[in-house]
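Visitor: Could you walk me through this model, one question at a time?
Guide: Gladly; let us look at it together.

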There are 2 protein chains.
Amino acid sequence: MTNKVTFFRNQIDEKLSEVMKGSQPETLFEPPRYVISLGGKRLRPILTLMAVDLFGKEVETAVNAALGIEIFHNFSLLHDDLMDNADVRRGSATVHKKWNANTAILSGDAMVIEAYKYVAKVPEKYLAKVLELFSDTAMDICIGQQYDMDFEQRCDVTEAEYIEMILNKTAVLTGCSLKMGAILADADERDAEALYQFGLNLGLAFQLKDDLLDVYGDPKCFGKKIGGDIISNKKTYLLIKALKNSDPVQRKELDRWLTAEHFDKEEKVEAVKKIYDELKLKVISENLIEKYYLASLDCLSSVNVPDDRKKELIELSENLMYRDR
Amino acid sequence: MTNKVTFFRNQIDEKLSEVMKGSQPETLFEPPRYVISLGGKRLRPILTLMAVDLFGKEVETAVNAALGIEIFHNFSLLHDDLMDNADVRRGSATVHKKWNANTAILSGDAMVIEAYKYVAKVPEKYLAKVLELFSDTAMDICIGQQYDMDFEQRCDVTEAEYIEMILNKTAVLTGCSLKMGAILADADERDAEALYQFGLNLGLAFQLKDDLLDVYGDPKCFGKKIGGDIISNKKTYLLIKALKNSDPVQRKELDRWLTAEHFDKEEKVEAVKKIYDELKLKVISENLIEKYYLASLDCLSSVNVPDDRKKELIELSENLMYRDR
């Protein structure tokens with residue numbers, strides 16, 4: 001990571017540690033502080049600040065909006081984990097496990113409102129525009145999560161539907177983070193839109209990389225158990241592609257594992273991974289990631305600022321693509 | 001109801017029927033439309049329009065903000081019903097019963113965002129102020145719901161704590177509705193604040209009246225079963241007062257019903273109501289309602305507009321106080 005990314009990250013982390021601090025009652029505000037304290041890459045708020053910096057402006061005006069985006073992101077993880085009944089997030093117990101479902105619901109609601117409060121702190125002349133972008137994005141994320149849940153009941157999800165889902169659930173927020181920075185840096189409409197598209201493509205590549213790491217990540221680096229998506233039958237790009245490309249024998253084997261109620265987890269991961277290997281899904285997936293990554297760089301290159309200003313965004317994107325966790 | 005109230009109500013109902021219409025996927029947007037379609041008094045958006053009208057301004061600019069408030073109110077009912085595990089709302093199945101818990105969580109989240117989208121439609125010069133009021137109120141409502149849930153675990157809730165809870169959970173939204181109208185009517189700060197206080201006091205009286213009707217309402221008019229709060233041990237004003245004012249014999253009887261796991265519902269309602277009767281809680285409660293009602297009228301009278309403009313707000317308040325459902 002460059003010095004600038006580290007600097008922005010520290011700034012974000014420092015301010016995040018102040019969010020909802022001292023708010024009462026503890027029963028409502030401790031869970032949000034807990035979720036936020038679990039960390040993560042802080043990718044989205046860093047992108048907002050980097051977008052401001054890209055246009056040579058001071059990042060200060062954008063810090064609160066960046067925090068609002070990160071609070072909203074953490075809210076969506078909190079409610080998604082509850083809906084997915086996930087036990088662990090970033091190595092720690094999820095809120096509904098550590099406390100209970102009602103706490104997860106209400107604390108999440110409070111986080112949405114807190115996110116809006118932070119976003120609303122932007123200078124007044126940007127407020128209407130920033131708010132519209134934020135609300136549209138937030139609604140897209142709900143739509144994406146709904147598609148994700150709807151897909152659980154279906155075995156005929158197409159690749160296009162899957163891409164549409166992760167576009168809504170994940171990619172719009174990286175797009176929004178960057179465009180928010182562009183707006184607050186007084187970038188022109190065309191540049192703001194190009195940065196948004198850069199973020200969408202980067203977000204798609206990022207999520208596909210996540211799916212891939214879940215199966216092909218190095219267990220020593222990955223930070224969580226390999227194969228979680230396989231165990232839970234999650235409709236990832238790999239599974240959707242496997243269902244489509246498999247021959248009758250492979251398909252029968254896949255269906256057997258997808259419907260098995262009692263199974264050895266490691267055995268299931270090995271068996272499904274073997275089919276993925278036979279179908280060369282690792283390289284197929286890597287090619288798609290590369291496609292979106294290159295598309296994202298195309299969008300970035302069309303932004304009307306000198307190339308040397310873009311170096312840090314390109315380096316950050318590269319790190320995201322070639323990460324092993 | 002006056003012609004004006006009916007006119008505002010029709011306007012609100014017509015616009016509410018358009019909310020989220022045609023939005024996809026159905027799995028996400030049908031539940032919010034269902035909740036909104038169940039009706040209700042539409043008290044809050046009507047109050048917003050009446051506040052604008054009080055200052056002699058056109059209500060048109062405030063309609064979207066009023067809708068945002070009503071959408072938020074319906075969101076809070078949706079999530080509260082899930083957290084309280086309530087089966088019925090306004091005579092129909094609650095969302096988590098008609099669909100499931102995940103649908104209730106995510107549809108509710110989408111409603112919060114939709115509420116913000118409507119509120120954000122106010123003319124730009126009012127946006128920052130309106131948004132601050134709305135977010136502060138929304139957070140207060142979460143805090144109120146948290147207190148309400150925390151009170152379930154306690155038998156030592158004081159009257160002051162109860163009033164603080166309903167102030168947050170209910171009264172701030174009637175206050176916000178009125179103040180929102182005042183802001184959008186360019187009322188001066190002092191008048192906007194007086195209307196807010198009018199709304200707080202009216203909201204407190206309104207909620208206390210709700211508690212009272214649950215026990216002493218006419219079953220023919222009330223619309224839901226009498227005694228629901230007693231059956232579920234809800235910490236209402238009546239129960240809190242009964243726990244405090246009861247003699248040892250009454251307290252023992254109360255405790256027996258509060259801890260009973262298997263009981264005949266009607267028998268429990270009768271027995272607890274008998275204690276309420278002995279403690280004269282109906283009249284004690286009516287006196288408190290009257291106190292807040294009179295305080296609300298005091299606040300309204302201090303608003304700097306001719307008295308004859310206030311007639312409709314006073315009539316609406318009276319109707320709320322002397323209602324039987």
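Guide: One definition before we start: a crossing is left-handed if the near helix is turned anticlockwise from the far one by less than a right angle, and right-handed if clockwise. Please keep in mind that this is a predicted model.

Visitor: Now α4(A) and α7(A): are they roughly parallel or roughly antiparallel to each other?
Guide: In chain A, α4 spans residues 63-84 and α7 spans residues 124-152; their axes come within 12 Å and cross at roughly 20°. The crossing of α4(A) and α7(A) is right-handed. Angles under 35 degrees count as roughly parallel. The relation of α4(A) and α7(A) is therefore roughly parallel.

Visitor: How many nonpolar residues does the contact of α4(A) with α7(A) have?
Guide: On the α4(A) side are A:Ala65, A:Phe72, A:Ser76, A:Asp80 and A:Met83, which meet A:Val130, A:Ala138, A:Ile141, A:Gln145 and A:Met149 in α7(A). Of the residues in this contact, 2 are polar, 1 is charged, and the number of nonpolar ones is 7.

Visitor: Which helix gives the largest share of the side of chain A that touches chain B?
Guide: In all, 31 residues of chain A are in contact with 31 residues of chain B. On the chain A side, α2, α4, α6 and α7 each supply at least two residues. The largest share, 15 residues, comes from α7(A).

Visitor: What relation do chain A and chain B have to each other?
Guide: A rotation of 180° superposes chain A on chain B, with 0.0 Å of shift along its axis and an RMSD of 0.0 Å. So the relation is that of a two-fold axis.

Visitor: And what percentage of the contact residues of chain A recur in chain B?
Guide: Both copies use the same surface for this contact. The share of the contact residues of chain A that recur in chain B is 100%.

Visitor: Within chain A, how far apart are the centres of domain 1 and domain 2?
Guide: Domain 1 of chain A runs over 1-139 and domain 2 over 188-308. Between them, 5 residues of domain 1 are in contact with 4 residues of domain 2. Taken over C-alpha atoms, the centres of the two domains are separated by 25 Å.

Visitor: Last one: where is A:Pro25?
Guide: The peptide bond from A:Gln24 to A:Pro25 is cis, with omega near 0°. Most peptide bonds are trans. A:Pro25 has its place in the loop between α1 and α2 of chain A.

How values were computed. Residues numbered from 1 in each chain as written. Chains lettered and ligands numbered in written order. Predicted model: local features only at pLDDT ≥ 70, side-chain atom pairs only at ≥ 80, totals over all residues. Domains from an automatic or database assignment. Contact = placed C-beta atoms within 7 Å. Least-squares fit on C-alpha atoms with pLDDT ≥ 70 in both. Axes fitted to C-alpha atoms, helices over the stretch in contact; angles between N-to-C directions. Helix = DSSP H or I, 4+ residues; strand = E, 2+ residues; numbered from the N terminus. Parallel < 35°, antiparallel > 145°, perpendicular 65-115°, else oblique. Nonpolar A, V, L, I, M, F, W, Y, C, P; charged D, E, K, R; others polar.
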